[in-house]
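Please take a look at the protein below and the molecule that it holds. We will go through the pocket, and then the ligand.

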Amino acid sequence: MPAQTVPFDLVDLAEVRRALQRRDDAADDHIDRTRILVIINGKGGVGKSSLASAIAVAIAKTRRRVLLVELDEQGNNAEDLGYTKDPALNDDGAAQKTAILDGKPLQPTGTARPNLHVVPGGALLEDIVEELYCQRRHARMRATQRGADLPTPDDNAWMGMYAAAIEPVRDDYDLIILDVAPGSEVLQLQALVAGDSALIPSRSDPSSRKGLRTVARRFAQARELNEFLRILGVVLFATNSSATKVQAKIVESLQKDLRGAAPVFEQSIRYVEAAAVKARDLGKVPQELRSSEEIDPALRKSMKLLAGDYQSLSIEVMQALAELHNEQEGEA
Ligand SMILES: Nc1ncnc2c1ncn2[C@@H]1O[C@H](COP(=O)(O)OP(=O)(O)OP(=O)(O)O)[C@@H](O)[C@H]1O
Ligand SMILES: [Mg+2]
């Protein structure tokens, strides 16, 4: 097979290459590169989906238009926002599959809350992941056939398939949140090439910190196609210590893992498992349950505290995005 031929069963990347080029060109025209927030960690169960839903609801409540996209087969956003049984909203990943495999703009299935549009994850993402692995293999083959050690950014245009699907809807939203599966390298690369900044939740245990180092490596790869990508910050998740000394020590080691490249958010999310489990069961985020009759009085206090954590964190996230925006305006 000649080096430049795309096998007939792979998605043609010509339009993806054009979309990435358009985005690079538009960078000179002050496009807002702070709208797409990736929530990512190479480790599972560190709070990515809980944060994605809670922050999305908090920011949509301030009348900003928010799009929440789940790049995960688990479909946890549908659970957290309570639309698992709504077939109109919960399409099992069909909208995402159409956008990525047919090269169309990403279309939400509907609104889970006022101002909060969703593109759900689900089992159909398996087909996307399969395509992405084939694309990656093809990119490596192209490089080998040229006698190169590594694929060039042009070979790696496949990493921009999500970016190409998201770019046409960027201006429709104030914030687009991507909640990314921990175990899929190819989806993580897609999100990091599509994103403007990344929020990294981490627990304080050693294996979560290992997940952080994995993300740091993927950052470097993604930056080859997305030089604007920034780390917004690390969020300490499900922490059971309010002791300032312990927190400071954890923050210090997190910063070491990321080689000082990321600030750690002041607001952490406390460990209150029963409240978190109840919220997901009820399909509501903690802020929506802070004084709800739906929950046992014994849980109300911890739900309120958890809701407060998410609320303060969401404000801090909005401030960090505004600062990033100002920095970029200053540089332009
Ligand atoms: N504040 C909390 N305290 C303790 N446990 C929590 C808290 N919030 C959520 N959890 C629990 O942590 C688990 C992981 O949460 P979540 O699904 O948000 O993480 P994730 O990083 O998205 O996971 P995955 O990698 O599987 O996508 C869930 O089972 C949830 O019940
Ligand atoms: Mg998740």
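H10 gives the most to the lining of the largest pocket, with five residues. Helices like this one are DSSP runs of H or I with at least four residues, strands are runs of E with at least two, and both are numbered from the N terminus. This is a predicted model, in which local features need pLDDT of at least 70, side-chain atom pairs count only at pLDDT 80 or more, and totals for chains, interfaces and linings use all residues. Residues are numbered from 1 along each chain as its sequence is written, chains are lettered from A and ligands numbered from 1 in the order in which they are written, and side-chain values use heavy atoms, leaving out hydrogens and water.

The lining has 32 residues, and Gly47, Ser50, Phe237, Ala276 and Arg280 lie nearest the centre of the pocket. Among the elements that each supply at least two lining residues are helix H2 (48–60), strand E7 (230–239) and helix H11 (297–331). A pocket here is an open set of points on a 1 Å grid over the protein atoms alone where a 1.4 Å probe fits, with protein on both sides within 12 Å along at least five of seven lines; lining residues have an atom within 4 Å of a point.

What takes up this space? Ligand 1 does.

| Residue | Ligand 1 atom | Distance |
|---|---|---|
| Val46 | oxygen | 2.9 Å |
| Ser49 | oxygen | 2.8 Å |
| Val272 | nitrogen | 3.0 Å |

Taken alone, ligand 1 exposes 640 Å², and the protein buries 86% of that (areas by the Shrake-Rupley method with a 1.4 Å probe).

How values were computed. A polar contact is a pair of N or O atoms within 3.5 Å; within protein, one must be able to donate a hydrogen and the other to accept it, and residues adjacent in sequence count only if both atoms are side-chain atoms. A molecule sits in a cavity or pocket if more than half of its atoms lie within 2 Å of its grid points.
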